[in-house]
Protein chains: 2
Amino acid sequence: MSSANPIPYKIFLSENEIPSFWYNLRADMPTKPAPLLNPATCRPMTAAELGRVFCDELVSQELDNDTRLIPIPDDIRDFYHMYRPSPVVRAYCLEKKLDTPAHIYYKFEGNNTSGSHKLNSAIAQAYYAKKQGLRGVTTETGAGQWGTALSMSCAYLGLDLHVYMVKISYEQKPGRKEVMRTYGASVTPSPSDTTAAGRAILNAHPGTNGSLGCAISEAVEYATTHEGYRYVLGSVLNQVVLHQSIIGLEAKAALDKYNVTPDIIIGCAGGGSNLGGLIAPFMGEKLRGEKDYRFIAVEPASCPSFTRGRFAYDYCDTGEVCPLAKMYTLGSQFIPSPNHAGGLRFHGMSPILSQLYHDGMMEARAVEQTSVFEAAELFARTEGILPAPESSHAIRVAIDEALKCKQSGQSKDILFGLTGTGYFDLSAYKNYNDGTMVDSIPTDDDLSQAFAQLPKVPQ
Amino acid sequence: MSSANPIPYKIFLSENEIPSFWYNLRADMPTKPAPLLNPATCRPMTAAELGRVFCDELVSQELDNDTRLIPIPDDIRDFYHMYRPSPVVRAYCLEKKLDTPAHIYYKFEGNNTSGSHKLNSAIAQAYYAKKQGLRGVTTETGAGQWGTALSMSCAYLGLDLHVYMVKISYEQKPGRKEVMRTYGASVTPSPSDTTAAGRAILNAHPGTNGSLGCAISEAVEYATTHEGYRYVLGSVLNQVVLHQSIIGLEAKAALDKYNVTPDIIIGCAGGGSNLGGLIAPFMGEKLRGEKDYRFIAVEPASCPSFTRGRFAYDYCDTGEVCPLAKMYTLGSQFIPSPNHAGGLRFHGMSPILSQLYHDGMMEARAVEQTSVFEAAELFARTEGILPAPESSHAIRVAIDEALKCKQSGQSKDILFGLTGTGYFDLSAYKNYNDGTMVDSIPTDDDLSQAFAQLPKVPQ
C-alpha cells in the first residue's frame, strides 16, 4: 500500500485517450436483441414511428444492430473532457480490510455533479436534439439522477428542458429538484394538470403520489404535442447502452495499461445502462471468442427481473403508452416493495442484456437491501467514498467474491462499476443507521399476478 | 477547445508526484504571526498548556515558525492517495462563455465525500491523535464539512469521534449528520446536557438554537475531561494552514508542468485555511523575492474580517474559552446577518494570513451574496460543477478579473481555489432560484459595538 506499488490507486487515462468511438455491442451479438414492437399492430416499430417521439439520429442508433463503432461527435467529446476520463480505482484499502488475495478494481462514475454515469448518455441525447434544431426535450425522473444529468447537458447546449418528476420524489427530494432548477430546467411534479394524461390520473386518483409510469406518459405527451420537442430516456434503450459503452472502453484501456485482465466483472442492474456500458467491450471479446470473462448482474431481491422474471414482450412503462420490448420483466404492473435503490426499481431490463442473459453469456444475482447497506458502509469507511445505494449492490457482490477468494486462496482480479455517489440518498442511510431498514421480497403469488397481466402478443 | 489544445482540461499529477512534505510558510515570513496568548496571563501559550487540549505533535507544528518543510508521514500519504492528487482544471468553457482573453484555472478540492478541502487537515490531525495512542478526538461543526471530513478520517484510522453540531444545523442539515453517522461518528446537537457548558447554556437559554461558540466550548470540555481524548479544529490554526499547503504545492507543480505562472491567485476566506494552503508556495516565492503574484482574499460582505475588521488580539470563539489570537477580527461577539456561506461566517482570520495582509502582501475584497450566487450559477452551467457557496466567492472575483481582462484586452493567467461542492447547500440555492435571497451588510454601528468588546490586552 505504498507508492512503490506498480499499480496506482487511481488509473487515469490522459484526455487524448478518451475514446473517440462508442462501441455498439449489438454488432457482435450472434442473436440480436428483439425489435421494439408497436403495441397497436404488434409489428416492429419503424424509424418514422419512433421519430415522432425520439430524435432522428437517436432513432437511427436505436435501430442499428450492425455498425460496430460509432464516432463520438467532437462537441460531445468536449463535454466529456469536463468530467472524463473517470478513474479505475484499485481498492487497496478495501482489499486490506477484507484480508483477501483478490485484487479489486472499480470504475468510478460518480465524480460529477449529476453524481452518476447518467451524464454520458444525457449529453449525447441532448446534443442530437440540438443538432436536429429542436427547441427542447422532455423526460421523467424518479430519484432524480437522470433529470440532473439531463439538466446539466441542456444548460451546456442552451436547450429547453421539461422534467416531470414523480410527485413523492419532488416533495421528498427537494435537493435534486433544486439542482435541476439551478441548471435552468423546469421541473413539474407528476401527475400535473399540464397534460391530458396527468389530468386524467388526477381526476381518477386525487391526492396520488405519482409514479414513474405516469411521469413517462406526461413527458411523452408534452413532447409529441409541442412543436420542436422530443422525449429522451435514460436507460433500457439500445442507444443508452451504446453511449454508456464509454465506461467499459475507458475501463478496459486503463486495465490494459497494467496488463490486468479481470476474471469477474460486476455491475448493478436496473434498466441495464450502466452494466451494459461497463461490460460492452469485454463482452465483445467473449462473443468473438477472443477471451473469457464472468459477468455478474446484481439486482435487488425486491425487484428481481433477471433472477425471477420472464423473458417476454412487455410494456416499458406502467402507463402502457410506450413500445413493447422483449426483455426479462416482472410485468409492467409489478410494484416492488418500498426499497431505497430507486434507480433499480424498474420492472424490466435492457433488451440487449436480456438477450445475452438468455443466451447464457452472463450471470445474475439478487441481493437484499440490508446486506447492500452493510457493504456500502464498509466501502465508505475504507475507500472514502459514500456510494449510491444502486452502486452498492455491485459492491456487495464484489466483496462476496473477494471473500470467496480469501477462502480458496485464489488471487482473482475483480472489476466492478461504482456508478455513483449517495449524497442525495441519506434518508436511506438513516434507515440503515437507525436499524429500521427491513428486507422485503415479492412472493411467488405476487409475481404470478404480475405475469398474468403481460400483454398478449406473439412472443 | 479541442483535444489539440496543449493544456488539457484537467492537469493531474501522477501519484508519485503527490508532495511528500508540507510547506511551512511561516519559515519564510519576515514578520512571524503573533503567538497565541493565554487569556488568563496574557502570556504566550506554552507547549504544555496547548498539550492539554491538542495532540503533542500538532502543538509542535502549531509553534514551529522555522522548519520550512515538514515530512508528510507515509500513512497520511496513503490516505491522500485515495482522493489526491486533485486536478487543476482549465476553465475553457467558462472562458468561452465570458469571451475573455484571460486563462482561468481552478484547483478543485471537492471530489471527495467530505465535499471539500477539509479532509487534508482532518486526516493529519486524526493521524497524530492515533499515533499518540489516544482513544478519540472531539470537535464542533456548523455546516458540517469539517465534521464529515473528520469522521471519514477517524473511521479510516479506527479512532473514536464525538462531534458537537450546532443544534440548528443538526436539525436543518440531516444529510450531513447522516454521513457522519455512517462513518461511525457520534453526533450530538449543541447545546447538550452532556457537558457543564452545555447545561449552563440550556439553563440560561432554554430552546436556544445553539452556536459555534457553544459547540466549541462543549467539544473542548469533553476532550479535557475524558481520558484519552483531545480536541481538533478545522481552520484558523497555523497547523491547519500547514496541512493545507498541499493544495498550493500540487497546484504549483501542475502549472509548472505547462510553464504557467498565475498573475492572480484568488481564494475565499473564512478562517483562512484553504486560502492559506492555496497561496502558500506562491507566497513563499514572493516573500523570498523570487517572483511576484497578486493574491486576493474574498470574503462575504456580511462578515468582512479583512476589509472592515481590526488587527488585534481576540478570542477565537464566542464562548471565550480558547486562547487569544492576533488576527483581523470583527470581535468575537460579532454576529453576521444570516447568510448562506456557512464556512465563511467566522469573525476572525488565520493569524498567518492576517500578518501577511497587514504587511501588504495580499489584497482582500468583500462581495455580496446575490452576486456570489449569480457567479455560482454561471459556473455550474458552464463548467458542470455545482460549487459550494463558500467557493463561489472566489468564482465571483475570478469572473470579475476575467471580465476586466476582456475590457483591457490583457491575457492574464488567473488561478482560483474551488474548495468544494454545494450538494448540501441546496436550501441556499433554492433561495436564489426563488428570487428571495437578500444582501445584508453590517452597519458601522454594528461593527463599533462588536469592536468595543475586544479583550483588553496589550496589543
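Hi everyone. When I say "contact" today, I mean heavy atoms within 4.5 Å. One thing to keep in mind as you look at the structure: this is a predicted model.

Let's start where the two chains meet. How many residues does the contact take from chain A and from chain B? It takes 44 residues from chain A and 44 residues from chain B. Between them, the two chains bury about 4,000 Å², with 56% of that on carbon and sulfur atoms.

A:Glu15, for example, forms a salt bridge with B:Lys10, and their closest N and O atoms are 3.7 Å apart.

Which helices of chain A each supply at least two residues to the side that touches chain B? They are α3, α6 (145–157), α8 (174–182), α15 (369–383) and α17 (426–434). Sorting the residues of that side by type gives 20 nonpolar, 12 polar and 12 charged.

Let's finish with α3 of chain A, which covers residues 74–83. This helix is mostly covered, with 8 of its 10 residues buried. Walking along α3, the buried ones are A:Ile76, A:Arg77, A:Asp78, A:Phe79, A:Tyr80, A:His81, A:Met82 and A:Tyr83.

Note on methods: Residues are numbered from 1 along each chain as its sequence is written. Chains are lettered from A and ligands numbered from 1 in the order in which they are written. This is a predicted model: local features need pLDDT of at least 70, side-chain atom pairs count only at pLDDT 80 or more; totals for chains, interfaces and linings use all residues. Side-chain values use heavy atoms; hydrogens and water are left out. Buried means under 20% relative accessible area, exposed over 50%, partly exposed in between (1.4 Å probe, protein chains only). Helices (H or I, at least four residues) and strands (E, at least two) are DSSP runs, numbered from the N terminus. Buried area is the accessible area (1.4 Å probe) that two parts lose on being put together, summed over both. A salt bridge is a side-chain nitrogen of Lys or Arg within 4 Å of a carboxyl oxygen of Asp or Glu. Ala, Val, Leu, Ile, Met, Phe, Trp, Tyr, Cys and Pro count as nonpolar, Asp, Glu, Lys and Arg as charged, and the others, Gly among them, as polar.
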